[in-house]
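Here is a short report on a protein model. Read it with the structure open beside you.

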Amino acid sequence: QQQVKQSPQSLIVQKGGISIINCAYENTAFDYFPWYQQFPGKGPALLIAIRPDVSEKKEGRFTISFNKSAKQFSLHIMDSQPGDSATYFCAATLTDSWGKLQFGAGTQVVVTP
Amino acid sequence: DVKVTQSSRYLVKRTGEKVFLECVQDMDHENMFWYRQDPGLGLRLIYFSYDVKMKEKGDIPEGYSVSREKKERFSLILESASTNQTSMYLCASSSSTRIYTDTQYFGPGTRLTVL
């Protein structure tokens, strides 16, 4: 039973468009929410992360929006580029767990030229 | 740069064989993790270790064991491989503590096929 539910499973967006990936969680004790990006043939790498004391975090074209009351968070990729084509995983963890992550199922994003 | 290396990129084994997957990290991290990645299921934690010779079961430990004799090395062992263990295996390391969560760094993965 997955503790973090991620949608959609896949996404096709045109170059310059906005990609939006959503995640929902049940455990209100979660206090760290990272997003990982994985290119084919590579391991996942941290893209951006947020803690629940803020509602939004932006790094370049990537933004996490966090809604604590709804227990949801999302990744927005602005001005999507073909180089953003990858699989994106949301995850969650809590203090006192040695950083063990609960991952979502992943979203494959394809950005067409 | 943090580097996590895994001994093989691709591995083909037969049902019933004992399989060893090796992982080495060069950043003196206390924590090391083994995940398996399957389409539609994301990454699921098999085992993790927060210190040499210390280990804890993750969400799907059945059919697996681990060994951590040195800080930099974490091995995943399939005692008797079965076809349902065909998967991508990812190793990760981090310096998280009980009170602070830090980034996990992943290796490139080993794609294991059990025939």
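B:Cys91 is buried, with a relative accessible area of 0%. This is a predicted model. B:Cys23 is also buried, and its relative accessible area is 0%.

A disulfide joins B:Cys23 to B:Cys91, with 1.9 Å from S to S. The torsion about this S-S bond is about -80°, so the link is left-handed. B:Cys23 sits in strand β3 of chain B and B:Cys91 in strand β9 of chain B, so the pair ties together parts that are 68 residues apart in sequence.

## A disulfide in chain A

Over all chains, the count is two disulfides. In chain A, A:Cys23 and A:Cys90 form a disulfide, and their sulfur atoms lie 1.9 Å apart. The link of A:Cys23 and A:Cys90 is left-handed, with -95° about the S-S bond. A:Cys23 belongs to strand β3 of chain A and A:Cys90 to strand β9 of chain A, so the pair ties together parts 67 residues apart in sequence. Both A:Cys23 and A:Cys90 are buried.

## Nonpolar cores

In soluble globular proteins, nonpolar side chains tend to be buried together. The largest nonpolar core here has 24 residues. A:Phe33, A:Trp35, A:Phe73, A:Leu75 and A:Tyr88 touch the most other members. Several strands of chain A each supply at least two residues of this core, including β2, β3 and β4. The largest share, four residues, comes from β9(A).

## A surface patch

A:Ile18, A:Ile20 and A:Met78 form a nonpolar patch on the surface. Together they have about 250 Å² of accessible area. A:Ile18 lies in the loop between β2 and β3 of chain A. A:Ile18 is partly exposed, with a relative accessible area of 48%.

Key: Residues numbered from 1 in each chain as written. Chains lettered and ligands numbered in written order. Predicted model: local features only at pLDDT ≥ 70, side-chain atom pairs only at ≥ 80, totals over all residues. Heavy atoms only, no water. Patch = residues over 30% accessible without salt bridge, like charges linked within 9 Å, V, L, I, M, F, W, Y side chains within 5 Å. Areas by Shrake-Rupley, 256 points an atom, 1.4 Å probe, with all protein chains shown as cover. Salt bridge = Lys/Arg side-chain N within 4 Å of Asp/Glu carboxyl O. Buried < 20%, exposed > 50% of the residue type's maximum accessible area, 1.4 Å probe, protein only. Core = buried A, V, L, I, M, F, W, Y, C linked by side-chain atoms within 4.5 Å. Disulfide = S-S within 2.5 Å.
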